[in-house]
Amino acid sequence: MEEGFETPEYKKYKFKELRSYASTEWLADNKKKYRQVFDRYEVSYIYAELSFYNKLFDQEDWEVDIELKCFQLQTKREEICSLKLNRKVSKYDNVVYIREGWGNKMEGKFWKKGTYYWEAWIEGEKTATKYFYVEEAEEGWTADNNPYLDVHSIKLYEGPYDDVNEDDRMYFKDFSAEETRYIYVEIVMRNKHLAENWQCELYIKFYNNARELKGQVVRLKRIEQSDGLIKFTAGWGSNVKGSWRKDRYTCEIVFLENVMAIVPFEVDEEFEEGQSLILMPDRHTPMVLQPEDDVAETFEEVLQQLDNMIGLQEIKQRVRDNASYIQFLQLRKEKGFEEKEEINVHSVFIGNPGTGKTTVAGMMGKLYKKMGLLSKGHVHEADRVDLVGEYIGQTAPKVKEAIEKARGGVLFIDEAYSLARSNDDSKDFGREVIEILVKEMSNGKGDMAVIVAGYPKEMKHFLDSNPGLKSRFKFYFEFSDYLPQELSNIADFACIEKEVVLNKTSKLMIDEIILNAYRERDRSFGNARFVFDLIEKAKINLGLRVMGQSNPKELSHQEMELIIPDDIRRINIKKRKELPNIPVDEKYLQEALDELNKLIGIKDIKKQINELVRLVRFNRYTHKDVLNNFFLHTVFIGNPGTGKTTVARILTKIYKALGVLERGHMVETDRQGLVAGFVGQTAIKTAGKLDEAIGGVLFIDEAYALAQQKGGAHGDFGDEAIQTILKRMEDDRGRFFVFVAGYPDNMNDFLNTNPGLKSRFDKILSFEDYSPTELLEIAMLMFNEKSIIVSPKAKKHLRKYLAFVHKFRDKYFGNARTVRNVVNDAIRNQNLRLSELSDSEQKEDHNILKLEDVLTFKLDKSDFVFNRKRIGFGQ
């Protein structure tokens, strides 16, 4: 969102962050020991640090009024303090820090147990809120006694970024360097502070053998009085295998700045199952901690896990309701009621990617297990690739194998609609999958729940593809896209998962990216996946920034986890392929410009293109970012035959010569090449053309056909193509350019059909109709290309004829195309005349066009060449 878009009043600052801390110790880079949870007896003062960017940096000094308020939340909000400050902001300070605290110099005297928050006001405007928590244990903290927690068990396992269901986890003490993605630690703590609810802030840190911090995850969790055993999981790594190098590592668990346990492990050639030895601070020898049987989750604990998920309120209630109904049916059976039908637990999940379908499926598996409906409760995921064979006879064995793997749990089929590609395609092997599933759900061995998931329209088509399919599914769940505020909370969760911390400004920037993505979302919007990927990219940028410093080993833990605004800004750069630095090809450029300048007419077009060439060259020579200064996406507006396609090809060559296009080719297409006949296929078809155009130009002729009037048969599909193109124009800026061409009135309507369409095009080139003189020049050029000499009388007649058709032209006038038809007809007339002559006469006149060859072009409005209907050689 651009500065000042919402508030017209100019601000001299841009908010960065609001944080809390207690220690006055200075850390590197002007940092403090930022925290959210404090023990009452270790706290004297609790400080707020407000930071903001000085927008008048290096320009002038100015003054700012600040107010920092602290509140305690009990039954009602109570103000603790209000600190009003007036500070002079130096023009030499890029970032301004305001630090003030409240309390008592005696630890434990002022702050009591409770939930608090700092409120920051700048120039009378509320800017930010930061929560923190003060806890108080029944016993004091000593070297031998942690009054809050005891370590119960710690185990390590490997998995993807979105974790592994508990029933599917395999625990290792050593890992394979080639196969490992994320290394997760499963921590079970015993709650010793049972007197009241409290907040637990846990740090899980991964170090290599050189004691370099590889990664850190922070877990902030509310602990209930009833929580005897508390489970945490945290992982570090990448979805790309091989991110863990061969080395010895340790995983350290830290609570209130005290190390509670150290887990050593090794990454080498192979996985080794087992549990690692645990180093405890109060023990001299390593030990293996085993979980007790009572760690097993209860039915209510699984439901609580569901409730703890962000958003999905309707889904949570539906799951609870369905679970209650199934329990009701089970109770009726116990009471002697005869239920004629078996309890049906098969479900349909409808929603976009990343809306929690897979996670909820896992929880439903656990619930069904607790209810005695499933023996294992695990989830086996499959899609079309896993189920459909390439040849006859391969599909059935694959489906049966997937069913047996899912037996005892849930068979989760994502994008299930891909199994029914077309109602008319009886040869599609996906239909065989559906038939086997219907048979299994009808009279199979049981002990399995089938959950199918996908987009709404496609899933309706899928369920209608087989007469018996829809009736086999009892429950339908619709997963809506997460709201921006829920995605923001997911970003906080992702940061904890990935052991990174966003400062206040970074958090605002992430929220802004999320909001913009939400506003521009389409059916492919990734929801939680998008947010996790966003935090992952920010973390990668953090790592690159840290490792780019001279002494990364000396950086503090805070510096190794803190994502700053620069890390967020580089996300947009990182998601695009780096563009090659190609020098200007002077020879090729001159050839392209010569080709342009040789074209007849279009003086204004030539002038604009030559000016653009000079401007791009100037920016290249001054080392400015050409691709971010020029979109170079261009609109070509003009009647038929005015040279739009020809100029587009030449302009592509010019961009190639200037080095702003990697390949410099042009992919020509139209509506037919972009739009498909079924929902969802257009985006794929358009994306294929866009991929083909990478490094060059995508030229869309008659582009207005993509935006037909409302009520058109395929208007929605054309809009899908436009949306796909717009997104790629932004996502892949600089990697390719889009040229759209069409008639003036139609193109104006086209550009106004979508608010973002006109703004994406940097240049509009208007092609005027050729003048009569230019039409004659074009005709003479065409005759010359065919080695035909036009006699003076024939030329005079052609001049009169072309002036005549130009005078009475309409919007369908073909310009150069009309001229080409005239030239072709004249040469045909000449050939017919020569065919009646003797051989000697033919040799004499074989390349001469005479008056009699063009007399068929009469100055009669009813016989225009460009309007005549003809079959074959009819005149």
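Q: Which residues do ring pairs link into a cluster?
A: This is a predicted model, where local features need pLDDT of at least 70, side-chain atom pairs count only at pLDDT 80 or more, and totals for chains, interfaces and linings use all residues. Residues are numbered from 1 along each chain as its sequence is written, and side-chain values use heavy atoms, with hydrogens and water left out. Rings of Phe, Tyr and Trp (its six-membered ring) pair if their centres lie within 6.5 Å; planes under 30 degrees apart are stacked, over 60 edge-to-face, the rest tilted. The cluster joins Phe172, Phe175, Phe206, Trp244, Tyr249, Phe265 and Phe271.

Q: How many aromatic pairs does a search of the whole structure find?
A: The search covers the whole structure. The number of aromatic pairs is 41.

Q: Why is the pair of Phe636 and Phe699 edge-to-face?
A: The ring centres of Phe636 and Phe699 lie 6.3 Å apart. The pair is edge-to-face because the planes meet at 75°.

Q: Is Phe636 buried or exposed?
A: Buried means under 20% relative accessible area, exposed over 50%, partly exposed in between (1.4 Å probe, protein chains only). Phe636 has 0% relative accessibility, so Phe636 counts as buried.

Q: What kind of pair do the rings of Tyr801 and Phe857 form?
A: Their centres are 5.4 Å apart. Their planes stand at 35°, so the pair is tilted.

Q: Which ring has Lys155 over its face?
A: A charge sits over a ring if NZ of Lys or CZ of Arg is within 6 Å of the ring centre and within 35 degrees of the ring normal. Lys155 lies 3.9 Å from the ring centre of Tyr171.
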